[in-house]
Amino acid sequence: MTRTDPDLKVRMEEAAAWWARFQECEPAADDMAAWLAWMDQEPENAAAFESLNELALRIRQTRTEAPAVLQPLVEQRPSRGWLRNCVAFLSSMSFSNAASLPTRYVLVTCLVAAAGVALLFAGVPRLRLHYASDRPASGQYITPTAGQREVLLEDGSRLVLGGASAIATEFSAKRRMVRLLCGEAYFEVKHEVSGRPFEVDAGFATVRAIGTAFDVRKDDRHVAVTVTEGRVKIERKDGFLSGLAAAAGIARPQIAEAGRAQQVVIEPDATRLAVTTTDPVRVTSWRRGHLEFIDEPLDEVIRSVSRYSVKPLKGDDPALRSITYTGSFVPEHLDGWLEALQNVFPVEVRRTDGVTVIQARAPSTR
Amino acid sequence: MSEKSPHPIEPLPSVENGTAPADLIEQLFRKHNALLVSFLKSRLRSEAEAHEVAQEAYVRMLQLERPGVVSYHRAYLFKIASNLAMDRLRQRTVQRHARLHEFVVDWLAAPSTDRRVLAEEEVATLQAAFAELPAKTQGIFRRHFIAGETLQEIARAIGLTDRMVRYHLAHALAHCRMRLGLEEPKT
């Protein structure tokens, strides 16, 4: 879908008509086949449908999460016409005839009461919004790019959040759960006599710990768990292929254990969970204000660096994956680091729209 | 497709090309998963549940005895997914209140940052877009998105046909989308 699509308005109305059909409790059986045919017709159709889908989901999510934000859409301003009529009616009343005053007084009272009832009804959807406030008690912590934050959890465990990272905590009588939503965090888990497990849910994988310290880093493609003290158990959640394999009766290793100075990298559809040896001091170097890498693919290095860079960085050129990087990064020396990158590797650094883009250099330029 | 039975699933035609069922389904997944999830999202109004049901549908396909040609399989895949979604929606009306908690959990588990609440400026744009719509259309949009009424409930309450309610709601959403600008959805 592009801004220049001449049929955009028509296309959007069509997409919306399909979307509305699917909001029915029981859409007709033939609808889906016809919808699939429509989606296949032109790629812009699918994009239009998806953009409506997203907007509808976001409105619903806003209603649940932050109903106050939607207040402007809920408020029904009293119609100007109604006010004018009301004023006209009141001013047309003559108070010269004292005898008829009580009748008029009753009339005005009725009018005011009716307006009150009308406003009450206008307020109904607003009141219904507040049911959303009974959501489960949980904490959320977010750091900006280049930020770092230490969080002391209610059980005495401590965690340090890296740059551009977010977690949500859910503690109950049965378990201690932290969701790593994005970025990186270092955990020092307090052992509990009652044996309440401490779990970190990182999307593709869950890490279980009992009195231990470890680092979890998450991006779109993988989760890396590095243990600095004690032992942890890592369980991969069912990805699509592992779910299929399980249904077909083919076992896939889903659980790994890692001890001090060991690392497990979890990718959603990798065939096995491999435990490797690593240097935990290097992996957690971000806590001391710099980053260290040994033989890491350059695209991942850039993704890590971007969480600590004051300038937005982008390096998703697939060619960067085949370049391995060994070295360090100090946020204060960003410009020098970018300069060095261009000198050492076949890459170029360009600034477009305020974003610094790192990409493989075209072969002809050198 | 028969309209009589709610869940008509005819037997699959067999094919002697020797492709393993898991491979066929993997192909289906790679080719059609985005479309399937898009459909399920619109039905189930939850990203996480859409992915769950999609996966369940693939597993069901795998359990079918005779694998067929991929292009033919697609209709089956969507049929199965649609039935699974229907089952979920029926269960959901029973446990409407438990959904709130799930919704919050879904949001927390959402993989990307594009699933976010509307910003205040966006709501301001929506408000302006709203003012351009007829009062009846505005009311229907509010009843559905803010008060959480189903299309059928709205139709009954204001004495319109289901088809007209659908029309108003579709028009309102399309209009809002156009006014909010057309940034590419990040999927």
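**Burial in chain A.** I looked up how much of chain A is buried, and 47% of its 366 residues count as such. Buried means under 20% relative accessible area, exposed means over 50%, and partly exposed lies in between (1.4 Å probe, protein chains only). I note that this is a predicted model, where local features need pLDDT of at least 70, side-chain atom pairs count only at pLDDT 80 or more, and totals for chains, interfaces and linings use all residues. Residues are numbered from 1 along each chain as its sequence is written, chains are lettered from A and ligands numbered from 1 in the order in which they are written, and side-chain values use heavy atoms, with hydrogens and water left out.

**Surface and fold.** Chain A exposes about 18700 Å². Carbon and sulfur atoms supply 57% of that area. The areas come from the Shrake-Rupley method with a 1.4 Å probe; for residues, only the protein chains shown count as cover. I found 11 helices and 18 strands in chain A. These are DSSP runs, numbered from the N terminus: helices are H or I with at least four residues, strands are E with at least two. I then checked contacts (heavy atoms within 4.5 Å). Of those in chain A with a separation of 6 or more, 50% are between residues 24 or more positions apart.

**Salt bridges.** How many salt bridges does the structure hold over all chains? I got 31. The term means a side-chain nitrogen of Lys or Arg within 4 Å of a carboxyl oxygen of Asp or Glu.

**Between the chains.** I looked at B:Lys41 and A:Glu50, whose side chains meet in a salt bridge at 2.7 Å, N to O. B:Lys41 lies in helix H1 (residues 21-44) of chain B and A:Glu50 in helix H3 (residues 43-65) of chain A, so this pair joins two chains. Is B:Lys41 buried or exposed? B:Lys41 is buried, at 3% relative accessible area. A:Glu50 is buried too, at 9%.

Next came B:Glu122 and A:Arg58, a salt bridge with its closest N and O atoms 2.8 Å apart. This pair also crosses between chains, from helix H5 (residues 120-131) of chain B to helix H3 of chain A. Both B:Glu122 and A:Arg58 are buried.

**Within one chain.** A:Glu300 pairs with A:Arg321 in a salt bridge, 3.0 Å between the closest N and O atoms. A:Glu300 sits in helix H10 (residues 298-306), and A:Arg321 in the loop between strands S15 (313-314) and S16 (324-329), so the pair ties together parts 21 residues apart in sequence. A:Glu300 is buried at 9% relative accessibility, whereas A:Arg321 is partly exposed at 35%.
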